[in-house]
Amino acid sequence: MTPSARTAIARKGPSLPLRWLLKDRLISREDTVLDYGCGKGADVTALRAKRIKAVGWDPYHRPDIHPRLNDVVLCTYVLNVLDGVERHRVLWGICERLQPWGEAFITVRRDLPRVGVLNGVQRWVELPFTSLRKTATYEIYRASRDDLARYLQGEKV
Ligand SMILES: C[S@@+](CC[C@H](N)C(=O)[O-])C[C@H]1O[C@@H](n2cnc3c(N)ncnc32)[C@H](O)[C@@H]1O
């Protein structure tokens with residue numbers, strides 16, 4: 001297993017960012033949701049318990065392919081464990097799995113040093129998208145498919 005795959009923890013309930021997104025009704029029963037880089041899948045389980053149509057994909061823990069486009073793509077604590085090239089690839093992956101009207105909620109950790117690599121794998125990441133919520137431990141960005149495509153093509157978002 002790679003160092004980034006080992007960062008997936010077995011969680012008992014939903015992650016803090018997912019709790020907040022649900023509380024603020026940014027994800028609804030009508031949405032189809034993909035959790036991109038879902039790790040061991042606790043957030044998918046929590047969404048399904050609320051009867052939300054959710055699937056998870058993770059190159060190491062949940063490698064099954066889900067070909068559909070989604071209203072919502074979540075990507076939680078994934079980008080911090082990747083280098084720049086792989087981060088770019090993941091953002092394309094998210095973009096390609098969103099409906100034209102869809103929204104991505106991308107959460108990065110904020111309890112890391114701004115410089116250097118913690119435990120050989122965790123890095124500080126900033127994105128040019130709308131910041132919905134910032135705490136001492138995480139920041140949630142919201143991005144549309146167009147925001148992602150513009151950013152990935154090197155344009156201003
Ligand atoms: C810190 S864990 C977060 C897991 C999950 N999102 C959560 O919050 O519990 C980081 C995850 O990123 C996954 N990962 C590594 N490389 C990836 C890639 N290229 N695309 C998507 N996920 C990746 C790892 O397998 C790992 O499960």
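**Exercise 1: Tyr77**

Work out whether Tyr77 is buried or exposed, and look at its backbone.

Step one: Tyr77 has 20 other C-beta atoms within 10 Å, so it is buried. The cut-offs are 20 or more other C-beta atoms within 10 Å for buried, 12 or fewer for exposed, and partly exposed in between, with C-beta atoms placed from the backbone. Step two: Tyr77 lies in the loop between S3 and H3; helices (H or I, at least four residues) and strands (E, at least two) are DSSP runs numbered from the N terminus. Step three: the phi of Tyr77 is positive, near 60 degrees, and the residue is not a glycine.

A word on the model: it is predicted, so local features need pLDDT of at least 70 and side-chain atom pairs count only at pLDDT 80 or more, while totals for chains, interfaces and linings use all residues. Residues are numbered from 1 along each chain as its sequence is written.

**Exercise 2: Arg25**

Step one: Arg25 has 7 C-beta neighbours inside 10 Å, so it counts as exposed. Step two: find Arg25 in the loop between H1 and S1. Step three: its phi is positive too, about 55 degrees, and Arg25 is not a glycine. Most residues other than glycine have a negative phi.

**Exercise 3: Ala104**

Which residues does Ala104 touch?

Step one: leave out residues up to four places away in sequence. Step two: apply the contact cut-off, C-beta atoms (placed from the backbone) within 7 Å. That gives Val73, Cys75, Ile94, Leu98, Ala143 and Leu148.

Technical notes. Contact = placed C-beta atoms within 7 Å.
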